[in-house]
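The sequence and structure are shown first.

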Amino acid sequence: MFLYNRLGKEQLIARLNAENFPRKTLSFYRYVTIEDPQSFRDDLYFALDNINCLGRIYIANEGINAQMNVPQHRIDELLSVLESIPELRNMPLKWALEEHQVSFLKLKIKVRPKIVADGLDEKVFDTSDVGHHLSPLEFHELSAREDVIVVDMRNNYESEVGRFTNAICPDADTFREEVSMVVEQLAHAKDQKILLYCTGGVRCEKASAWMRHHGFTDVNQLHGGIIAYVAEIKKMGLPSRFIGKNFVFDERLGERVTEDIIAQCHTCGASCDNHYNCNWNPCHKLFIQCDKCRDKFHGCCCEHCSENLIRHASVSHLTHLAVHA
């Protein structure tokens, strides 16, 4: 058995289209010592592939970070797999907000130096000295107070489409940039109550420990992240303080939380919060675009990329005709 995907994108899409069962999307992470990440990775790939799971999972000496989906009728098998692995027993799982969506095309498990690229040197601070974990309800109530500082620990393209109403959203392209940026921007507020949040909670683990290392005395974090918050708040029938979309790192690129649209089309400025990757593959830029501009520019981020796409398509068509003449 090959422990990696060998199919092309068209084959993967055809395989998914042929399925007659729904899939459930979930995510989980855990900071735990994994002595041999490569062997751990291979064993996990074999087990998950056997039950037809798809997703993107990162393994490192420091733990695991997973976003994936599983056929709904094989959820119990997935749970058994996780329970059979000592490092993953009693794993808290966060299930997607929207049901029956195709979130991944293939199973990809990679060994990395870290499960989140943060650029931090673990030798200079205690990574276990994290902030106080808040339940969704605790975070909901505390985030409404005027004497707290709420900080979005996600990238700018994530907070652009959805965020907590009174959150500080640093203009950072990467988590690596943002960790240092937040410490610098909030240097004046080291004794204030600070509430951190991110998608599923994994980024806040490192960010809160880094902030405590730099002298912040009252650091708190949303346990389970936005995913857990929205699920719990809906269950309790409370109005969500998170508005817009929750950006997710899979084929969907977002889950609708509230009907608020807080972003604009990057091409024309119209109200819109749909993310796409530019159809011109050499660019592949992530951007927001309305339906009208998407049609006009053939799914590309700008006129230049649109022209390149059309020109390339024309050349490919002529080459195809010449080969088969």
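## Surface patch

In this predicted model, Leu 238 has a relative accessibility of 32% and therefore counts as partly exposed. Leu 238 is located in the loop that joins helix 8 (225-236) to strand 11 (242-246).

## Nonpolar cores

The largest nonpolar core holds 27 residues; Val 151, Met 153, Leu 186, Ile 194, Leu 196, Met 211 and Phe 216 touch the most other members. Two or more residues each come from strand 7 (148-152), helix 6 (175-185), strand 9 (193-197) and helix 7 (202-213). Helix 7 provides the largest share, 6 residues.

Beyond four places in sequence, the contacts of Leu 196 include Phe 139, Val 151, Met 153, Met 211 and Leu 222. A second, separate core comprises 25 residues, among them Leu 44, Ile 51, Met 68 and Ile 85.

## Salt bridges

The whole structure contains 16 salt bridges. One of them joins Lys 193 to Asp 218, with an N to O distance of 3.1 Å. Because Lys 193 belongs to strand 9 and Asp 218 to strand 10 (residues 218-222), this pair ties together parts 25 residues apart in sequence.

Within helix 8, Lys 235 and Glu 232 are 3 residues apart, about one turn of the helix, and their side chains form a salt bridge at 3.8 Å, N to O. Lys 235 is exposed at 67% relative accessibility, whereas Glu 232 is partly exposed at 28%. A network of salt bridges links Glu 62, Lys 114, Asp 118 and Lys 206.

Definitions and conventions. Residues are numbered from 1 along each chain as its sequence is written. This is a predicted model: local features need pLDDT of at least 70, side-chain atom pairs count only at pLDDT 80 or more; totals for chains, interfaces and linings use all residues. Side-chain values use heavy atoms; hydrogens and water are left out. A nonpolar core is a set of buried Ala, Val, Leu, Ile, Met, Phe, Trp, Tyr and Cys residues joined through side-chain atoms within 4.5 Å. Buried means under 20% relative accessible area, exposed over 50%, partly exposed in between (1.4 Å probe, protein chains only). Helices (H or I, at least four residues) and strands (E, at least two) are DSSP runs, numbered from the N terminus. Contact means heavy atoms within 4.5 Å. A salt bridge is a side-chain nitrogen of Lys or Arg within 4 Å of a carboxyl oxygen of Asp or Glu.
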